[in-house]
Amino acid sequence: PQSKEFFMTHSDIVTKNKMTVQDFEKEQSVLLENKELREAWLNFLGSYPHVTTYFRTSPQYKNQVSITNGKKDGSDINLYKLFIEQSKNILKPNGYCGIVIPSGIYTDLGTKQLREMLFNENNITGLFGFENRKEIFEGVHRMFKFVVLSFEKGGLTTNFPTAFMRQDVEELQNFPQHGSLNISVDLIKKLSPDSFSVIEFKNEQEVVISNKISAHPLLNGDILGWDLELYGEEFHMNRGASFFHSNPTAFPLFEGKNIWHFDSKFSENRYWIHEPEIRNEFLEKKLKRISLLEKTPKDFCNDYETYRLAIRKISSNTNERTLVTTLLPKNGVTGNSLTTHFPFKHDEKKYNQLRYSYSDLIQLTTFLNSFIADYILRARVTTNLNTFYLYQLPLPRLKPKDKWYKPIIQKAAKLICTTAEFADLWQEVMQTAWVAPSALGEGSGVRSDVERNKLRAELDGIIAHIYGLTEEEFVYILGTFPIVKAEQKQLALQHYQLLAPQFVQALPAATYNWAAVIQQGESQTVEFKSTLRIDLKTNKPEKFIEHSVLKTLAAFLNSGGG
């Protein structure tokens, strides 16, 4: 049940998006004084539970609830999901279905079970995705994404034709013969092992890039990677409204709009919360997760008492950037438009020990804010950035002894530590990154946009190399961010190019930056040839030159026993 949607039909004051929680609750209280309206409201609420229970438990709709890692996904019942399964149910063997539905069918965690049904019990004959930019459907947001899905009942899907981000429905006339890309189910399961989400590939180059990036460990579930645990909701902006105050002397409440890349002060906070009102509530939530603890230690820390990672949850893949991350200062709490991580280890002996050092959190923030991680994510997400999308991100994790660990920590810390609230964070960075001691503010945090853009570009250049991307591949990824200013993308590419000589020896030949190879000159494994078959004196092709080149290639291929 959507409260505002109901009361909008009974009040000119209630609006869905522009009305604050407090104003809505006041207006709701006034409206419910009307006996007939109150009765209608209770009937409205009462119409949902039994219907929801039926759809969740009926054998006819057994694929509505997804199971991931042995756990049921708690997503809401959605009509388009019901239509998909019922369409499959009423088809005769080898019967066809063609249906227009939201794009969540190939991306969302809540539709995983339906995708398994489509892959294992049907033959998908086409998946054509398009945006509503040309208002094909009136009254629907222009950025809303739909898909034309067609499948034949029975059999098994091994691969199927796709098209994504289209705007002209007329292209359907030539689909899939022209402009389609075949995707295998095996590749889908490799890139999205937990959800089987279909990535919005546009061409074969994106498939190659994705295969290369997927070599790195996932954000969650890999002990060699980050094994990060995220928490999706601290304070709901409706249910938690009674705690919200306008007094800025209390703990700030952070919302999605308050943060940007490496910046927790992107906009001013609207609300503040008094700690005595929330401490017991936080403690209760935490103790439920720590079954090993029989009693509460005196020095028990709540999550908000340390620096925490924060990620925007509402972010479309058609925005300037999809993945927006920063670290929050101590004693800050979050609304339900932000995702945070659990900072403390939860066992009997280490209840008060941080899971990650501050430097590790800075490193993780840097990888999440990169163009590469954003590119991976925006191919999967539509509007809501659920934790399962984040858990499936392949993210490198450097160790302090790695060459690029120190430069990444130092540069990112200058972007994050811009106020006295981050003094402790800055002190640890200086110890970890081996820089001369200084207090926060003395050559530490960078505030000017020009300097911040430069630091971010340097980090993006480093990370593109760490992922092993060629210059052509990095240029392609930058081109998938049309709203980002060209100057920022060019700056990132320039720093990639400047760093190329430092990475080229450590990468396999397929990922060489050849401009850097030429700059380094000839060696035991590099020889320059001015021509492959043309005699430069006569300007005519000659067989003896081809013969000479072939002998050179054979010599190199045989060197070192290869």
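Me: How many helices and strands are there in the protein?
Reply: The protein has 19 helices and 16 strands. Keep in mind that this is a predicted model.

Me: Thanks! And what share of the residues is buried?
Reply: Of the 562 residues in the protein, 50% are buried.

Me: Let's switch to helices. How do you describe two packed helices?
Reply: You give the angle between their axes and the distance between the axes.

Me: OK, then at what angle do H11 and H16 pack?
Reply: The angle is about 60°, and the axes of H11 and H16 are 10 Å apart. Helix H16 covers residues 471-478.

Me: Now H5 and H6, how do their axes cross?
Reply: H5 (residues 79-90) and H6 (residues 112-121) cross at roughly 25°, and their axes come within 11 Å. Because angles under 35 degrees count as roughly parallel, H5 is roughly parallel to H6. This crossing is left-handed.

Me: And which residues of H5 and H6 meet?
Reply: Lys81, Ile84, Glu85 and Lys88 in H5 meet Leu114, Met117 and Glu121 in H6. Here the classes are three nonpolar, no polar and four charged residues.

Me: New topic: where is Leu385?
Reply: Leu385 sits in the loop between helix H11 (371-378) and helix H12 (387-391).

Me: Is Leu385 buried or exposed?
Reply: Leu385 has a relative accessible area of 1%, and buried means under 20%, so Leu385 is buried.

Me: What is Leu385 in contact with, apart from its neighbours within four places in sequence?
Reply: The list is Ile311, Arg312, Lys313, Thr322, Leu323, Leu377 and Leu390.

Me: One more, how far apart are Leu385 and Ile314?
Reply: In sequence they are 71 residues apart, while in space Leu385 and Ile314 are 6.0 Å apart, C-alpha to C-alpha.

Me: And for the protein, what share of contacts with a separation of 6 or more is between residues 24 or more positions apart?
Reply: Those residues account for 68% of such contacts.

Methods. Residues numbered from 1 in each chain as written. Predicted model: local features only at pLDDT ≥ 70, side-chain atom pairs only at ≥ 80, totals over all residues. Heavy atoms only, no water. Helix = DSSP H or I, 4+ residues; strand = E, 2+ residues; numbered from the N terminus. Buried < 20%, exposed > 50% of the residue type's maximum accessible area, 1.4 Å probe, protein only. Contact = heavy atoms within 4.5 Å. Axes fitted to C-alpha atoms, helices over the stretch in contact; angles between N-to-C directions. Parallel < 35°, antiparallel > 145°, perpendicular 65-115°, else oblique. Left-handed = near helix turned anticlockwise from the far one by under 90°. Nonpolar A, V, L, I, M, F, W, Y, C, P; charged D, E, K, R; others polar.
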